[in-house]
Amino acid sequence: MLSTASVAVVATVKICYNLTESVNSHGILNSMANPDSHYLSYPLPLLELQMVLILTVSHAFRFLLSRVGLSSTFTCSILTGILLGPTFLGQHEFMQVYVFPRSSQLTVQVLSLMGIQMFFFLTAVKMEIEVLRKVGRKEISLGISSVAVPFLIGVAYKSFVNPDYETGEDKIVIKEQSLTHFPVIAFLVSQLKISNSEIGRLVLSSALVADIFSFSSTITACLADKRTKGCNVRDISGIVLVVAFAAFAVRPALVWMIRKTPRGKPVNAFTSCIISALFVSLGFYYLYFPQVAAVSPFIFGFAVPSGPPIGSALVNKFEALTLGVLLPIHIATAVMRADFDQIVPGLGENLWYFISILIFLFAVKWIACVIPPLLYKMPLKQCFAVAFIMSCKGLIELASYAMLKDAQLVSVPVYSLLVLSILFSSTISRVLAKHLYRPSRKYEGFQSRNMESSKPETKLGILACIHEPEDTASIFRVIDTIHPTKENPIGIYVLHLIELLGRSTPVFISHEKNKSASQYEYSQNVLVHFDQYEQNNLDVISVDAFTAISPASLMDEDVCSVALDNNASLILIPLHRMWSSAKTFDPACTSLKNLTVKVFQKAPCSVGIFLDRSRLGIQPMQATKGPFRSMCLIFLSGNDDREALCIAMRMTRSCSETRLTVLHIVHDEEDIDWTESAEKVLDDRALKKLSKTSASNARIEYRREVVKDGAGTALVVHSMANDFDLFVVGRRYGVECPQTMGLSDWGQFPEIGDIGDLLASKDLKTGASVLVVQQQIKDGPDIVD
């Protein structure tokens with residue numbers, strides 16, 4: 001059993017090994033012929049073996065843990081280090097002599113250091129200092145309390161419980177456990193896919209405040225420490241030099257390069273090479289200021305403007321290599337320095353003291369993070385989720401403990417215990433935060449927000465999603481076709497969706513009407529178009545504009561949140577097909593397709609997917625440049641078809657020039673009931689109402705077509721494809737009936753239903769546009785997180 005004094009004893013180990021004449025070997029066959037020249041004795045093949053082994057084991061853990069929802073890169077890499085470390089496989093002589101010999105540690109550590117430095121750099125590149133301007137009291141109080149409260153209480157706890165512990169390891173643990181690091185929180189938030197939610201924005205801003213507060217406090221404490229004042233002044237001077245170089249040389253040069261780059265074009269490869277060379281050259285600077293190594297990548301990354309064109313280019317170029325290869329190697333090799341068999345004998349009677357510090361500080365930090373959002377009237381469950389996210393430990397803590405262990409400020413037993421605490425903290429925080437907070441739960445209401453249940457003489461709320469400025473003309477055609485009037489006005493909520501590139505913090509902007517569109521950096525063209533559209537229709541249309549800059553995988557949260565907050569009854573989204581310069585369809589954009597599918601699943605109201613074929617330059621005979629005048633509604637059965645019927649009837653009601661044909665397709669065996677009885681009653685009621693309306697309105701025509709199967713339906717649709725300029729259909733996703741049997745076998749867009757897919761197909765030679773409608777899911781959205 002080691003005493004308190006013996007823990008601080010530092011052992012010096014001298015290792016001698018031969019330097020090889022060549023980096024790479026002469027091949028495995030040569031090694032078999034010459035046993036004295038084994039190929040693993042050369043640095044390059046040994047490094048390749050180590051990399052392959054670490055990454056293979058890490059991916060194996062990821063495959064196994066994905067079954068229980070724990071397939072985090074960080075967790076899997078820690079488990080890889082534990083398995084390959086001295087506690088398990090690393091204790092065998094074969095691993096120590098051939099796979100991970102002491103002579104190879106320097107090479108692996110260089111690669112590991114490159115990974116963590118690149119991670120710091122990319123994290124800073126994706127951060128936006130402008131976020132601090134929007135930080136409020138809630139973010140400031142949460143960020144400062146998450147650091148100050150656990151540190152002060154931790155110091156008091158040490159003084160009360162074990163004031164005589166002399167090695168200083170407990171002080172280091174208290175300090176590190178009290179900190180909140182932005183890269184750790186940002187990594188966790190991205191894994192939880194909540195970066196554009198209310199909680200995601202709160203914890204990201206608070207973590208940034210916490211990092212700035214802890215960094216400034218550390219500098220102040222270093223300057224006030226008289227024992228090492230000379231060394232601290234030297235290190236701080238080194239940081240000041242890096243800040244000055246980044247702010248007054250690197251940043252202005254990069255801003256100048258951005259101005260010289262045409263809008264929408266990527267920067268040239270030379271710029272990326274210059275930035276990479278400057279980043280690598282910082283290694284020479286570390287020789288004179290070694291303590292700057294942990295800070296300078298952040299400072300240099302801040303100098304790079306986030307987002308396109310430079311920030312996004314660097315992230316696209318280096319993020320996959322860093323997160324997929326270098327970072328798992330860094331985590332695994334850091335954990336491999338721990339020996340968990342030494343925890344109990346190495347700490348002895350101090351084991352429970354360190355365990356109590358870790359548990360107590362986690363609880364204090366958790367409580368300190370619960371109270372500020374609770375005081376600002378945040379729901380209790382969300383407060384708990386915020387606390388678990390802010391209390392999470394991860395990569396930065398592991399890297400800090402590894403450096404302290406290499407500097408012999410932390411012993412192997414303490415380091416091993418800290419690694420286990422990081423593993424438990426990161427896993428538990430992630431699981432509980434995910435369980436406590438799901439943004440999609442707020443859409444699980446039962447309030448009817450659809451066209452079928454809306455009153456005729458009320459304002460209709462429509463959320464128009466814009467991917468690119470060219471989509472505005474398509475939205476205008478749909479709105480004009482609905483024909484808003486003073487008795488039936490329309491409130492348009494415009495949401496411009498921009499993919500987040502080269503940034504870590506999503507941006508949501510609510511554009512003020514009293515400001516000029518030129519004052520906004522984003523969405524200028526979209527705002528100008530809709531401002532003009534509102535001015536031309538002042539009495540019947542109101543426009544509220546928003547911009548959401550978020551990851552493509554999370555845009556559906558922005559869409560559904562805006563629709564819910566503004567009581568929209570219909571969400572309009574352009575069909576996920578892009579247009580080429582030759583005015584033909586390009587292959588479907590995967591990110592937009594995923595967005596459409598998720599909105600269908602989560603939407604708190606009805607959804608309309610619109611395909612505007614007029615952008616191809618192909619128009620049917622009846623088409624005009626303004627609203628659609630000749631429409632066809634294809635009706636089979638179900639709530640989606642009834643919702644489509646309500647939209648089509650509203651389009652026809654207020655305009656004397658609009659003609660509507662309702663095509664009711666039925667199966668030839670009428671005695672077979674293919675629908676639920678309740679749905680059939682509602683369908684019959686809607687069709688009877690339509691028959692009465694068509695009898696007194698010559699602009700509305702009702703047709704009935706009898707078919708045997710999906711082939712018959714396809715023939716009917718093809719025969720009238722050029723008779724109309726707009727088709728309105730229900731989505732009817734997953735609904736099987738004889739009229740559509742066999743159509744799904746040839747589908748290009750299965751997510752918009754069989755009839756919608758048939759009409760949107762490029763094989764249909766027509767210029768008619770298509771509107772596919774899904775009614776609000778009344779039993780709660782089909783949530784898929």
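**Figure 1. Salt bridges in the predicted model.** The count comes to 11 salt bridges, where a salt bridge is a side-chain nitrogen of Lys or Arg within 4 Å of a carboxyl oxygen of Asp or Glu. This is a predicted model, in which local features need pLDDT of at least 70 and side-chain atom pairs count only at pLDDT 80 or more, while totals for chains, interfaces and linings use all residues. Residues are numbered from 1 along each chain as its sequence is written, and side-chain values use heavy atoms, with hydrogens and water left out.

**Figure 2. Lys158 and Asp170 form a salt bridge.** Look for the closest N and O atoms of this pair, which are 2.8 Å apart. Lys158 belongs to helix H6 (residues 137–161) and Asp170 to helix H7 (residues 169–178), so the pair ties together parts that are 12 residues apart in sequence. Helices (H or I, at least four residues) and strands (E, at least two) are DSSP runs, numbered from the N terminus. Both Lys158 and Asp170 are buried. Buried means under 20% relative accessible area, exposed means over 50%, and partly exposed is in between (1.4 Å probe, protein chains only).

**Figure 3. Asp556 forms a salt bridge with Lys602.** Here the closest N and O atoms are 3.0 Å apart. Asp556 sits in helix H21 (residues 555–565) and Lys602 in helix H22 (residues 590–602), so this pair ties together parts that are 46 residues apart in sequence. Asp556 and Lys602 are both buried. Find Glu557 in this view too: a network of salt bridges links Asp556, Glu557 and Lys602.

**Figure 4. Arg703 forms a salt bridge with Glu701.** The closest N and O atoms of Arg703 and Glu701 are 3.1 Å apart. Arg703 is partly exposed, with a relative accessible area of 32%. Glu701 also counts as partly exposed, at 34% relative accessibility.

**Figure 5. The largest cavity holds about 190 Å³ of space.** Which residues are the closest to its centre? Of the 18 residues that line the largest cavity, they are Phe74, Phe187, Gln191, Gly394 and Leu395. Four helices each supply at least two residues of the lining: H3 (73–84), H8 (182–192), H13 (310–335) and H18 (412–436). H8 gives the most, with five residues. By class, the lining has 10 nonpolar, six polar and two charged residues. In this scheme Ala, Val, Leu, Ile, Met, Phe, Trp, Tyr, Cys and Pro count as nonpolar, Asp, Glu, Lys and Arg as charged, and the others, Gly among them, as polar. The structure holds six cavities of 30 Å³ or more. On a 1 Å grid over the protein atoms alone, a cavity is a set of points where a 1.4 Å probe fits but cannot get out, and lining residues have an atom within 4 Å of a point. Grid points are joined across faces, edges and corners, and a volume is the space filled by probe spheres set on the points.

**Figure 6. Tyr353 and Phe354 form an aromatic pair.** The structure holds 16 aromatic pairs. Rings of Phe, Tyr and Trp (its six-membered ring) pair if their centres lie within 6.5 Å; planes under 30 degrees apart count as stacked, over 60 as edge-to-face and the rest as tilted. The pair of Tyr353 and Phe354 is edge-to-face, at 5.6 Å centre to centre and with 65° between the planes. Tyr353 and Phe354 are both buried. Elsewhere, ring pairs link Phe119, Phe120, Phe187 and Phe298 into a cluster.

**Figure 7. Arg731 and Arg477 lie over rings.** The charged end of Arg731 sits over the ring of Phe600, 3.8 Å from its centre. Arg477 lies over the face of Phe628, at 4.0 Å from the ring centre. A charge sits over a ring if NZ of Lys or CZ of Arg is within 6 Å of the ring centre and within 35 degrees of the ring normal.

**Figure 8. Gln408 and Asn567 have a positive phi.** Most residues other than glycine have a negative phi. Phi of Gln408, however, is near 60°. Gln408 is in the loop between helix H17 (395–406) and H18, and is partly exposed, with a relative accessible area of 44%. For Asn567, phi is near 55°. Asn567 is found in the loop between H21 and strand E5 (570–574), and at 47% relative accessibility Asn567 counts as partly exposed.

Technical notes: On a 1 Å grid over the protein atoms alone, a cavity is a set of points where a 1.4 Å probe fits but cannot get out, and a pocket is an open set with protein on both sides within 12 Å along at least five of seven lines; lining residues have an atom within 4 Å of a point.
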